[in-house]
Amino acid sequence: MIRAAGARALLLLAAAAYAWSADEVVVDFEKAVPLMPDGQANRISQWEENGVVFTLAHEPQRTKGKGMVMFFTHLATGHKGIASAMATEAIPVRATFSKPVSSVTVSFWGSTGTPALLEAFDADGKVVDRASLESVPGRKAPGDPVPIFKMTVKANRIAYIQFSGPREGEYLAADEVRFIPVDGDRK
């Protein structure tokens, strides 16, 4: 009897460990090209990676230009990050998942003093979780690299997330997006 209970407990622990490690999917933007051959920023209408589509949350309202996202390179790490390319109009970046997810952690870096907001939405467009910072972490000394920080949202069935916060002339770049598909909805 004790042996059977111990075996069941071990089996449950193994299943939980497998589920924990097998579920997480990572988007890191490392295949992106930040600059075109002519040295201009590579601005695109959408980016798709690992079943996630990144776009702007809506088209620009103050200009007639097409809404674009672009990539920045974090100088200290060489990592690539995605951000809104609309310098004069703050438009959130949206990441839409091909299947529902239960947790999303985004690693960011941004302009000193920029607020940051990460929101999770369900399939009906209702906000189901939110994380925010009044001001992103800044450098402690002028020679220090721009800090990378994480924000997480969790809910039963997240359909998409949006991140925002930068004001005119500021930026907030997503360095990496990690998410966990809802059980039974794995890719």
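Start by colouring the protein chain by pLDDT, the predictor's confidence in each residue, from 0 to 100. The average is 85, and 86% of the residues score at least 70. This is a predicted model, so to speak: local features need pLDDT of at least 70, side-chain atom pairs count only at pLDDT 80 or more, and totals for chains, interfaces and linings use all residues. Residues are numbered from 1 along each chain as its sequence is written, and side-chain values use heavy atoms, with hydrogens and water left out.

Next, select residues 9-22. Here pLDDT stays under 50, and the model has 2 contacts (heavy atoms within 4.5 Å) beyond four places in sequence for this stretch. Where pLDDT is low, the predicted coordinates should not be read in detail.

Switch to cartoon view. You'll find 1 helix and 11 strands in the protein chain; helices (H or I, at least four residues) and strands (E, at least two) are DSSP runs, numbered from the N terminus. Along the sequence the pattern reads α-β-β-β-β-β-β-β-β-β-β-β. Of the contacts between residues at least 6 apart in sequence, 72% join residues at least 24 apart. Buried residues make up 42% of the 187 residues, where buried means under 20% relative accessible area, exposed over 50% and partly exposed in between (1.4 Å probe, protein chains only).

Now zoom in on Phe 29, in the loop between β1 and β2. Its relative accessibility is 0%, so Phe 29 counts as buried. Check the backbone too: phi of Phe 29 is near 65 degrees, a positive value in a residue other than glycine.

The pairing rule takes rings of Phe, Tyr and Trp (its six-membered ring) with centres within 6.5 Å; planes under 30 degrees apart count as stacked, over 60 as edge-to-face and the rest as tilted. By this rule the count comes to 8 aromatic pairs. Take Phe 29 and Phe 54: the ring centres are 5.1 Å apart and the planes at 70 degrees, so this pair is edge-to-face. Phe 54 sits in strand β4 (residues 52-56), so the pair ties together parts that are 25 residues apart in sequence. Both Phe 29 and Phe 54 are buried.

Then turn to Phe 29 and Phe 71, a tilted pair at 6.1 Å centre to centre, with 50 degrees between the planes. Phe 71 belongs to strand β5 (residues 69-73), and this pair links parts of the chain 42 residues apart. Phe 71 is buried, as is Phe 29.

Asn 50 has a positive phi of about 50 degrees although it is not a glycine. At 33% relative accessibility, Asn 50 counts as partly exposed.

Select Arg 94 and Tyr 160 next. The charged end of Arg 94 sits over the Tyr 160 ring, 4.2 Å from its centre (the rule: NZ of Lys or CZ of Arg within 6 Å of the ring centre and within 35 degrees of the ring normal).
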